[in-house]
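Hi everyone, thanks for making the time. Please have the sequence and the model open while I talk, and follow along as we go.

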Amino acid sequence: MIAGQVRLGRAARLALLLIGVVLGGWSLAVARTTPAYSLAGGFLAAELAGLVAGWSLVGAGLAAWARRPASRFGPLLVASGLVWFLAGWNNPGIGVTMAFTAGLVLHAACPPLVGHAALVYPDGRLQSHLEWVAVAIAYGGAVLALGILPALLFDPAVMGCGQCPANLFGAGDDAASFRALNRAGVWLGLAWTLLLVAVAGWRLLQSTAARRRVTAPVLIPAVVYLSLVAWDFQHALDRGFLSNDAVDRRLWLGQAVALVALAVGVSWEWVRGRRTRSALARLVVELAASPLPGGLGAILADTLDDSSLQLLYPLPDGRRVDARGRPAQPRQEQTVTPLVRGGRPVALLAHRPGLLDDPGLVVEIAATARLALENERLQAQVRAQLEDLRASRTRIVEQGDAERRRLERNLHDGAQQRLVSLALSLRLARLGCETDTDAAALEQAEAEIRQALAELRGLAHGLYPAALTEEGLGAALEALAEQAASPLAVGPLPRERFDPKVEAAAYFVVAEILKRSRPGRA
């Protein structure tokens, strides 16, 4: 099915290309036959400029359509090129009724199509309600106010155009209403062209610098073209209809040049993409010799001219990590494009919106950087596993320390306190004994309890010294030195507090060293 859709799309584009060639050739022939009614004014250079403008739009639109079949930009640009040729078809010399009627209805339809195409570039969609309103008003003003409504009231034979073909849309011959509708359409035309210029200019101003580099080659020529159209409408305000005097012809020639520049701007995207792919191929080959963690992402960011670009790798558990295996997520303003190989994403590119709208560029990156991507992806997964292992060990140590502190508190607050109370009770009982035998027995029991209490304190201290929790590392080390079997000379110790994990690690390292040291060695 997909292959059939691809073939159908190619056939449709080929048919539109042939239609564009035919329309352009026919428009040139009509202009040469009746130069008085032509916007080119009988000048061959101007006629060729108009022909090149229309064909450039059709060619650039078909190329953009092939690169991005789902985008509206390509079809809109093709339609702009085809309708551009119709501007001169409301001409008595056209000779064909249907063509003459198409010229009456669509002679002003090119500007809204160009404005619409420029505003959807490169994402293929309008981005705000204001843009939707501006485009809708432009289509209504160009096709309805200047096309359909006046055509309904225009009868060429009644209004003195004996050479004109019949008007298939004609439903009456009200000359006064025809003139009033034309005048209103010209005023409205000035309004909607200026609105499109303002919206396109605002799009440029509010875009980021990176986004502006992508859209400016298309938006700026479109703004120039629409500004010249607005100038033409302003020139027509006094007479109340569009015509082809000397000023109109010069403005029309300027419009043709602006449209050629717009088509060149569209082509520049393809050239830039080719250059990017070539540069990417060279850099990836260089990187493959000795890749560094994160090196591929830095190269892609530099090659694609996007300093915010991030290269992320998906893990089997659903997490995303960077080349060093650290958890990473795209920023809120970024677009995420998967680099797919074998039906599965091997990496994710987080980048500025619109950077990788060309599917061919995405495929090229995945193919060219395949080995480097696979290498860095595997290293990222290994580093992520090491990070998980370190985190697991840290959690185990923290849990062990917490459990030792709990046991130490329980021993201190529970068993030790009971033993102290028992020893005190025995002492009081011994003082009250009447016989020496009983007193000696109680004294022996008290000594046993004191011995048990000392051993219990030693055990609690070995679990987690209370001095370490309450007073810090310095005090805990001093207490440790006092309990050592061999005399220890203790140097200056820090009195400030550190992170509890650092203090615990330092204390137990010293304790383990003392435990393993032989008697007599410091």
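Let me start with residue classes: Ala, Val, Leu, Ile, Met, Phe, Trp, Tyr, Cys and Pro count as nonpolar, Asp, Glu, Lys and Arg as charged, and the others, Gly among them, as polar. Two housekeeping points next. This is a predicted model, in which local features need pLDDT of at least 70 and side-chain atom pairs count only at pLDDT 80 or more, while totals for chains, interfaces and linings use all residues. Residues are numbered from 1 along each chain as its sequence is written, and side-chain values use heavy atoms, with hydrogens and water left out.

Now the overall picture. The protein chain has 16 helices and four strands; these are DSSP runs, H or I of at least four residues for helices and E of at least two for strands, numbered from the N terminus. Of its 522 residues, 42% count as buried, where buried means under 20% relative accessible area, exposed over 50%, and partly exposed in between, with a 1.4 Å probe and protein chains only. If we take the contacts in the chain with a separation of 6 or more, 69% of them come from residues 24 or more positions apart; a contact here means heavy atoms within 4.5 Å.

Everything is done on a 1 Å grid over the protein atoms alone: a cavity is a set of points where a 1.4 Å probe fits but cannot get out, a pocket is an open set with protein on both sides within 12 Å along at least five of seven lines, and lining residues have an atom within 4 Å of a point. Grid points are joined across faces, edges and corners, and a volume is the space filled by probe spheres set on the points.

How many cavities of 30 Å³ or more does the structure hold? There is one, and the largest cavity contains about 240 Å³ of space. Its lining has 18 residues, and those nearest the centre are Ser 27, Ala 31, Ser 38, Gly 88 and Trp 252. The elements giving two or more residues to that lining are α1 (2-33) and α2, and α1 gives the most, with five residues. By class, the cavity lining has eleven nonpolar, six polar and one charged residues.

While we are in this area, look at Glu 47 in helix α2 (residues 44-67). Glu 47 is buried, at 4% relative accessible area. Beyond its neighbours within four places in sequence, Glu 47 is in contact with Leu 28, Ala 31, Arg 32, Ala 40 and Gly 42.

The largest pocket holds about 1,200 Å³ of space. It is lined by 43 residues, and closest to its centre are Asn 90, His 107, Phe 241, Leu 242 and Ser 243. Several helices supply at least two lining residues each, including α5 (110-120), α6 and α8 (209-235); the largest share, six residues, comes from α7. The classes here are 27 nonpolar, eleven polar and five charged.

Next, salt bridges, meaning a side-chain nitrogen of Lys or Arg within 4 Å of a carboxyl oxygen of Asp or Glu. The whole structure has four. One of them joins Glu 131 and Arg 203, at 3.0 Å from N to O. Glu 131 lies in helix α6 and Arg 203 in helix α7 (residues 175-206), so this pair ties together parts 72 residues apart in sequence. Glu 131 is buried at 5% relative accessible area, and Arg 203 is buried too, at 3%.

Then there is a network of salt bridges linking Arg 239, Asp 245 and Asp 248. The closest N and O atoms are 3.1 Å apart for Arg 239 and Asp 245, and 2.6 Å apart for Arg 239 and Asp 248. Buried or partly exposed? Arg 239 is partly exposed at 23%, Asp 245 is partly exposed at 27%, and Asp 248 is buried at 1%.

Last stop, Val 114 in helix α5. Val 114 is buried, at 1% relative accessibility. Leaving out residues up to four places away in sequence, Val 114 touches Ser 80, Ala 222, Tyr 225, Leu 259 and Leu 262. Val 114 and Leu 259 are 145 residues apart along the chain, with their C-alpha atoms separated by 8.7 Å.
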